[in-house]
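User: I would like to learn how to read the features of a model like this one. Please show me the structure, then take me through it.

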Amino acid sequence: MTSAQLGKVFRTETKKWLDGRPVVLVFHRASPGEMITLQHLNKMSAAQLQAWTTEHRDSLKLVDSDQDVLAIVESTPGAIGLVDVRSVTDRVKIVHVDGKLPMEDGYLPH
């Protein structure tokens, strides 16, 4: 997936995956790293992202921890979320962004 495609997913412009499943966005509401990544992908300031999150709160699942994000992504077809790379388990698929994986130079939000 390209960063442009991922940005469309995270801006709720892409509402369905290619297989027809609805996109379900899951975010850790208090994670500064995730917010920086979302700002980068969505090309928004912190204030713009906060306003966008409030505006789209009905189409987002906001949870209290990376573990909650992973649990929902694992159990919900079509769900996608952001977590700290150290929280990732082998029970979810990591999205390649622009052909890169986390910890590779050039992976978001770098």
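**Reading the model**

Analyst: Strands are DSSP runs of E with at least two residues, helices are runs of H or I with at least four, and both are numbered from the N terminus. This is a predicted model, where local features need pLDDT of at least 70 and side-chain atom pairs count only at pLDDT 80 or more, while totals for chains, interfaces and linings use all residues. Residues are numbered from 1 along each chain as its sequence is written, and side-chain values use heavy atoms, with hydrogens and water left out.

User: What is the phi of Asp98?

Analyst: The general idea: most residues other than glycine have a negative phi. Asp98 has a positive phi, near 55 degrees.

User: How exposed is Asp98?

Analyst: Buried means under 20% relative accessible area, exposed over 50%, and partly exposed in between (1.4 Å probe, protein chains only). Asp98 has 41%, so it is partly exposed.

User: Which residues of H2 are buried?

Analyst: Glu34, Thr37, Leu38, Leu41 and Asn42. These residues cover an arc of only 115 degrees around the axis, so they sit on the same side of H2. The arc is that of the directions from the helix axis to the C-beta atoms.

User: What do the buried residues of H2 pack against?

Analyst: Contact means heavy atoms within 4.5 Å. The buried residues of H2 pack against helix H1 (3-10), E1, helix H3 (46-55) and helix H4 (66-75).

User: Take Asn42 in H2. Is Asn42 buried or exposed?

Analyst: Buried, because its relative accessibility is 6%. Leaving aside neighbours within four places in sequence, Asn42 is in contact with Gly7, Phe10, Arg11 and Leu49.

User: Where does Ala30 lie?

Analyst: Ala30 is in the loop between strand E1 (24-28) and helix H2 (32-42). Ala30 counts as exposed because its relative accessibility is 57%. Its C-alpha atom is separated by 14 Å from that of Leu60, 30 residues apart along the chain.

User: Now the whole chain. How many helices and strands are there?

Analyst: Four helices and three strands. Along the sequence the pattern is α-β-α-α-β-α-β. The radius of gyration is 13 Å, close to the 13 Å that the globule rule gives for 110 residues, so the chain is as compact as a globular protein of that length. That radius is taken over C-alpha atoms, and the rule is 2.2 Å times the number of residues to the power 0.38. The C-alpha trace spans about 35 × 30 × 30 Å along its principal axes.

User: What share of the residues counts as buried, and what share of contacts with a separation of 6 or more joins residues 24 or more positions apart?

Analyst: Of the 110 residues, 35% count as buried. For those contacts, the share is 56%.

User: How many positive and negative side chains are there?

Analyst: Lys and Arg count as positive, Asp and Glu as negative; His and the chain ends are not counted. Each charge is placed at NZ of Lys, CZ of Arg, CG of Asp or CD of Glu. The chain has 13 positive and 14 negative side chains, and the centres of the two sets lie 6 Å apart.
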